[in-house]
Amino acid sequence: MALGEGNPPDIDEDLHSRQLAVYGRETMRRLFASNVLISGMQGLGAEIAKNLILAGVKSVTLHDEGSVELWDLSSNFIFTEDDVGKNRALASVQKLQELNNSVVISTLTTELTKEQLSDFQAVVFTNISIEKAIEFDDYCHNHQPPISFIKSEVRGLFGSVFCDFGPEFTVFDVDGEDPHTGIIASISNDNPALVACVDDERLEFQDGDLVVFSEVQGMTELNDGKPRKVKNARPYSFSLDEDTTNYGTYEKGGIVTQVKQPKVLNFKPLKEALKDPGDFLQSDFSKFDRSPLLHLAFQALDKFIMELGRFPVAGSEEDAQKLISFACNINDSSTVGKLEKIDQRLLHHFAFGARAVLNPMAAMFGGVVGQEVVKACSGKFHPLFQFFYFDSVESLPTEPLDPSDLKPINSRYDAQISVFGAKLQKKLEDAKVFIVGSGALGCEFLKNVALMGVCCGNQGKLTITDDDVIEKSNLSRQFLFRDWNIGQAKSTVAASAAASINRHLHIEALQNRASPETENVFDDTFWENLSVVINALDNVNARLYIDQRCLYFQKPLLESGTLGAKCNTQMVIPHLTENYGASRDPPEKQAPMCTVHSFPHNIDHCLTWARSEFEGLLEKTPAEVNAFLVNPIEYASAMKTAGDAQARDNLERAIECLDKERCETFQDCITWARLKFEDYFANRVKQLTFTFPEDAATSNGAPFWSAPKRFPRPLQFSIDDPGQLHFVMAASILRAETFGIPIPDWVKSPMKLADAVSKVIVPDFLPKKDVKIVTDEKATSLSTASVDDAAVINELIMKLEKCQKKLPPGFRMNPIQFEKDDDTNYHMDLISALANMRARNYSIPEVDKLKAKFIAGRIIPAIATSTAMATGLVCLELYKVLHGGHKVEDYKNTFANLALPLFSMAEPVPPKVIKHQDMSWTVWDRWILGDNPTLRELLQWLRDKGLNAYSISYGSCLLYNSMFPRHKERMDRKLVDLAKEIGKAELPTYRRHFDVVVACEDDEDNDIDIPQISIYFR
Amino acid sequence: MMSDYKVEMINDGMQEFYVHFHGPSDSPYHGGVWRIRVELPDAYPYKSPSIGFVNKIYHPNVDEMSGSVCLDVINQTWSPMFDLVNVFEVFLPQLLLYPNPSDPLNGEAAALMMRDRTAYEQRVKEYCEKYAKPEDVGAAPEEKSSDEEELSEDEYDSSDEAVAGQADP
C-alpha cells in the first residue's frame, strides 16, 4: 500500500478485473507470457481462440490448410457467406484481433512440421489424424521444456479431449479456492493433540491437509510456521499428528491456516494413453460405461477417414456399418479394457453426425479446452487427466430421422441439418425466443442462436432486453462488445453484432429491466407468443421474477449461471420439472452488526465497515445537506413530522458537516482527514478499550476479549507511514470533491502532503465514562435523550438554518456514489485505507487494493471459458425444448467446475405433487373460478374442497386475513372490487381475469400449498 | 399463528408490519411494551426477517439509536424452518431475559451490565418508564392516527416511509 505504488503495467486491471478475481496476478502474468498454437479453425478452433484471446495470452497462432466451406457456418461465428473459399486461418485473423489488441495473432497456412511446435508453450489440435497427433505429441512430450499438447474434436453430438502436459507437470493450485482458516478456541496437551475452533463458522479442512499456526498464546511451540498435518477433521475441531504433552499450556488466541500444496502430475504420451487410457473423466453417472465406447468410436472414425479419405455420410447405413466394424476390430485387438458388447445404436448416431461441427458442442468444448490451455500455461487449476468424452444424443429428435431429411440443402445450416434433420431446423428458425440479459451469458447465447438459425425464419422473433450499458470491465468476456462501444446500451450493440454473425436473425433489442414495472412492455400477448425463455442474468431476484412469469404463462425456461470457473444450468419445463424458485441456495451469511461495528476479526468485516463509513461520510451526509439546502422549509417540516431518533441523527450530521467540519480550503480537507484518522483509529479504540479493558470479564466470569473477538490497539499517526499518509490523501481529495474545492497537484507528492498534515493540531483525547460504543459518542447521552425529541429537533433545525446563512448563495455539496471500477477516482483507495487501518487496530492481516476491491465491490469472478461452456450446454437443451415431446429424463441439468475439472449432469427434479383428499396438483397448475365471485363465495368454494383459507393476497397486497376482524366486513364484496380498491389493480377492458394467492389450512390445521387462483370477472 | 399478537399492517402490504411485544415477566423489562417493526425480505423465509425496536429500549444487544437488534439467532442461524411466531415467542423473550453482553451493540449497556447489575436493571426500568409504556405504543409515531384499527389502511400512506427508515441503520 505504499504511496504512489502503481501496479505493474502489464495487467490492465480495469479490463481484466473479473478475470483477475479468478486467476490472481501471478497466473495472469504467466498467461501474458504464453504463446499458443491452435490448429484447425472450424467452429471449435474459433471458440478456443476467442476464449484465449479474451483471457489475454501473449500470442495465438492460427493454423489451417483448408478453406472456408458453407458447411462451417453452422458453428463458426467468425465466417460469413462472403468468406467461403478463403483460407480459414487467414479469414479469422481480423475479427479475432478485434477482441483484444494486446494479443499477437498470426497464421500458418501450410503443413506443420513438428519443429515449428517448439515456438509454443501449448499446442491445440482440433482436426488431426491420430497418426500425426502421436508424432506431434511425442515431440512435445520429450521437448525441453515439455510443450503442453491438447487434442480435441467435436463430431456431431460427440466430443473428446486429450491432454498431455509432459512427464512432470507441476500444478500450483489444484482447486482455485482460498486457503481455509479457523479461529482457535483451545488446544490440548496430548498425543495426538486436539485443536478446537470457535463455532462461528464450520471448518473446511480435510484429513491430510497441511496447516500452519500463528498468534497462539501459551502453546507457542506451534507458531514456528512449520506445516502440520490434519487428521480426524470435524466441523469445529481436528487432531494434529503431533505430541504436545510437553508443550506450553494453551492460553488463548491463535489462527490456523491451510497451506496449499503443489501437485506433480505424470502425463502419459498419446501413444501409450490410447492403448491404456486409465480413468476417464466422467460427466454423467447414467452414462458410466460410455467413455470406453467413445474412446473406440473416435479411433474407428480416424481409421474410416484414413481408409476412405472422407467422413461417413449422414444417414448412410453402409458407412455406419463400416465404422462399427472398424470399432469392433480395434476392440478385438486391444489388450486393456476390452468391451464385452458394443452399442451399435450409439455408433450409428456417431457415424451419421461425424462430419458436422455443431455450435453448442463447439461452445462447450471451446470452454473446456480454453481452460486447459490456461492451466497448461500457468499451473493454475488441476488439468484434465487425460481423456474426456462427452455426448448429448438426447438432443436428437424423439422420432427416428428419415435419411432424406438429413441431406444438405446448400444452406449455412447444412451441418446442423445433417444431424437433426430439416424439420427441426424449421422449428428452430420459426421459434419466438426471449433472452433476458445481454451480459456475458447473453453475448454467448446470441452468437449460439444466430449460428443455430434460431429465430432466423420468417416466423421467428428473438427479443433481448438489458437495461445496462457497456463498461470496460465487460470487454474481457462479453465478446460482442468493443472498446468503442463503452457507454452504449448492451442489448443494442449485442443485437447488431449478432445480426452480423447471421444476417437472417430477426432480433429486437430492448433496454427494459425485466421486472414488475415493465409488465406494460412484456405484456400478456408478448408472453403468450413465446416458445421459450433463456435467462442470461446475474442476480437471483431477476431470475426469480422471470421464473414466476414463466410459471404463470407455462413457458419453458432455460436457466444458467457462472461463478469463476464454475457453472450450472437448470432446465425448467412446464409440468415436467420443478421451477427455478422451488429449490434455492441458502443466502450468503452476513456478519452480525456488532461484529462489524466494534469487534471485527477478519478483513471482510473491516471492509464492510469501511464501505458503510464511506457511504455515510461522502454520500448520505452531503445528500442530506442538499436535501435541506434545496428546500429548507419542506425539509424542516419533514423532520418535524418524522420526529424520531433517525431524523435527529440526520440533522446532527448535516449540522456537523456545515458547521464544525465545514471545509473551505484544501487545507481544511486535510485537517478533516487527519482528525478523522485520529477519531477512527485512535480515539474510538481508546474509548472501546476503556469501556472494556483487556482483562474485562463477562457476568459469568469468562474473559470478555475471547475468540473470535480480537483486542484492538490505537494507532499512532506518523507521516512516515505510507499507508496512513495514503489515507489522508484519499480522504482529503474526496472530501474536497464533496465541497467542490479544487484539488491541488501537490497533494500527490508525499513530501508536500506530509508537510501539510504536520500542520494539523490534534487535540488530546480522554476516554469518557458511560458513553456509548457503537454509535457516535456525540449522539445521545441519557440527559439529552430524556429531553423531548420534538424540542431537540426544533433546536437542531434552528442551528442548521444559522449555518445556512454563512454559506455562499446557491451552495450545494456533491454527494459521491461509490464506483468500484474507476481506478483513478480514489474511492477504492479510501475504502482500502479505511479497512487496512482498522485491520491494523485489530492485528488483522491487511490486503492490497485489488483484493479490497474484489471484496468491498462484491466483484463476481468471471471468465470467458465457463460462460461459453454454460451456454453451449443450454443450447444442447434448446434443441429438445424447441422440438418438443421429450421426456424429463432426456433433459439434463449440469453443475461443472473447470478448475477441478468436474462435470456433473443429472436429470431435472420433477415438480412436487401436492395431494389433498382425492385431488393432486403441482406448481404448474392453476385453479379457475368464474362468475365474478365475492370474497365469501371464494372462501366457500375452497371450503367445499376441505380447505380453510386464512389469507388472500393480490400481488403484495393483502385482501383478506382471518387475523383482522375488520376484514370480515369485506365478505360480501366482489373480489374484483377489493383488488381494484385495496390492491390498486388496474384491469383494462381487455383483461377478463386476475390472480390471487391463497394460504389455506386443512381441517387438521396443516398448511396446504394450493395453486394460484384465477378469478374471472367478465 | 400470529393471530395471538397485535399486528399493524402497513398499507395492506405483506412484507412490513409492526407487532406489539410485551417484556417477559421474569425480566427487568416486565411491564414494558414495544412496537417491533418486522420486515420480511424478498427471500423470506430463506433469509431472516429484519427486526427493530421502534420505541427505545436499554439493552446490550439493541442499538439505542436505531433499535436494530444484534441477535445471533435471527441474523446468523436463521433457518427457513423457523416460524415468524418463534421470533416473538422464543427469540425476543430470550433476548430480554438473557442479554449477551459479550457481543454488545450498545456498549454502555453491556459494560454497565457486566460491572453493576443493579444499576443496569435500574436503567432498564427507567427506560421502560420513559419510552415503553402501553400508551407509548398505542399511538403511532404521529399524532394524527389515533384509531389503531385504522392504521391498516390508506391513511397510513404518508407515514410508513418515515417509519421505514428506522429499523435499518
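Arg513(A) counts as exposed, at 52% relative accessibility. Exposed means over 50% relative accessible area, buried under 20%, and partly exposed in between (1.4 Å probe, protein chains only).

This is a predicted model, in which local features need pLDDT of at least 70, side-chain atom pairs count only at pLDDT 80 or more, and totals for chains, interfaces and linings use all residues. Residues are numbered from 1 along each chain as its sequence is written, chains are lettered from A and ligands numbered from 1 in the order written, and side-chain values use heavy atoms, without hydrogens and water.

**Salt bridges**

The whole structure holds 63 salt bridges over all chains. A salt bridge is a side-chain nitrogen of Lys or Arg within 4 Å of a carboxyl oxygen of Asp or Glu. Three of them are tabulated here.

| Pair | N to O distance |
|---|---|
| Lys260(A) and Asp173(A) | 2.7 Å |
| Asp467(A) and Arg513(A) | 3.0 Å |
| Glu694(A) and Arg713(A) | 3.4 Å |

Lys260(A) and Asp173(A) pair through their side chains. They link distant parts of the chain, 87 residues apart. Lys260(A) lies in the loop between strands S13 (255-259) and S14 (263-265), and Asp173(A) in the loop between strands S7 (169-171) and S8 (181-187). Helices (H or I, at least four residues) and strands (E, at least two) are DSSP runs, numbered from the N terminus. Asp173(A) is buried at 10% relative accessibility, whereas Lys260(A) is partly exposed at 24%.

Arg513(A) has Asp467(A) as a salt-bridge partner. That pair spans 46 residues. Asp467(A) is partly exposed, with a relative accessible area of 38%.

Glu694(A) bridges to Arg713(A). Both sit in the loop between helices H20 and H21 (722-739), 19 residues apart. Glu694(A) is partly exposed at 39%, and Arg713(A) is partly exposed at 47%. A separate network of salt bridges with shared partners joins Asp64(A), Glu69(A), Asp72(A), Arg88(A) and Arg355(A).

**Helix H20**

H20(A) covers residues 666-691. The expected span is 1.5 Å times one less than the number of residues. H20(A) bends by about 35° at Asp679(A); the bend is the angle between axes fitted to the seven residues ending there and the seven starting there. Of its 26 residues, 19 are buried, so H20(A) is largely enclosed by the rest of the structure.
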